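Subject: Handing over a structure

Dear colleague,

I am passing on a structure for you to look through, and below it you will find my notes on what turned up. Please keep the picture open while you read, and take the notes in order.

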Amino acid sequence: MTQLPLPRDNDLPPRWDGHLVEWHGWETQLDVFVCPPPKPTCCRACGTKAAALVNRGTVWTDPESANPVVAIGRARLRRGRHLVGNVHAYRCPDCRTDTVLDGLGPDAQVWELDETDYLDTGSWDRAGAPT
Ligand SMILES: [Zn+2]
């Protein structure tokens, strides 16, 4: 696969609102067979309707982090981490803009990533972002 050189620290945000994100790899949407999330119908940046690549991310709390974490039932404990949720990243095949869908269903939020989201500190809700 040809990769354009990108001036980014990370291919995708390594953190999401301070939580660790475990990305599972890019795939075509045809391969997404379990509860396909609602997808952006076209690229907001360039308008193409070409099928975006999708990368599923599992969001975990980070026991090493000093960030406050939400208390979650111990049943979800996994190697000291707690499952926070799932995100899906969509990459435009034409302009490589990434859009992240946070959550599933009608409550899902769509975020367009900017360059700061690819830093090691990851992506933060702009409203609650440290300045
Ligand atoms: Zn695009």
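Predicted model: local features only at pLDDT ≥ 70, side-chain atom pairs only at ≥ 80, totals over all residues.

Read along the sequence, the protein follows the pattern β-β-β-β-β-β-β, which amounts to seven strands and zero helices. Among the elements, β1 has the highest mean pLDDT, at 94, whereas strand β4 (residues 77-78) has the lowest, at 54. Over residues 69-76 the pLDDT falls below 50, and this stretch has four contacts in the model beyond near neighbours in sequence, so I would ask you to read that part with care, because pLDDT is the predictor's confidence in each residue.

As for the protein as a whole, 22% of its 131 residues count as buried. If you take the contacts between residues at least 6 apart in sequence, 68% of them join residues that are at least 24 apart.

Which residues touch the most other members of the largest nonpolar core? They are V59, V87 and A89, in a core of 15 residues. Strands β3 (53-60), β5 (81-91) and β6 (98-102) each supply at least two residues of this core, and β5 gives the most, with four residues. As general background, nonpolar side chains in soluble globular proteins tend to be buried together.

β5 and β6 pair in the antiparallel sense over five bridges, and one of the pairs to look for is R91 with its bridge partner D98 in β6. These two strands form a hairpin with six residues between them. β6 is in turn joined by four bridges to strand β7 (residues 109-112), and these two strands also run antiparallel; here the bridge partner of D102 is Q109, in β7. The hairpin of β6 and β7 likewise has six residues between its strands, and in it G103 takes a positive phi near 95°.

Two residues other than glycine also deserve a look for their backbone angles. R96, in the loop between β5 and β6, has a positive phi near 65°, and R96 counts as partly exposed because 14 other C-beta atoms lie within 10 Å. D17, found in the loop between β1 (15-16) and β2, has a positive phi of about 50° although it is not a glycine. D17 has 18 other C-beta atoms within 10 Å and is therefore partly exposed as well.

Finally, is E27 buried or exposed? This residue lies in strand β2 (residues 19-28), and E27 counts as exposed because it has 12 C-beta neighbours inside 10 Å, where the cut-off for exposed is 12 or fewer. Although E27 and Y90 are 63 residues apart along the chain, their C-alpha atoms are separated by 9.7 Å.

With best wishes

Notes:
Residues numbered from 1 in each chain as written. Buried ≥ 20, exposed ≤ 12 C-beta atoms within 10 Å, placed from the backbone. Core = buried A, V, L, I, M, F, W, Y, C linked by C-beta atoms within 7 Å. Contact = placed C-beta atoms within 7 Å. Pairing = 2+ DSSP bridges. pLDDT = per-residue confidence, 0-100.
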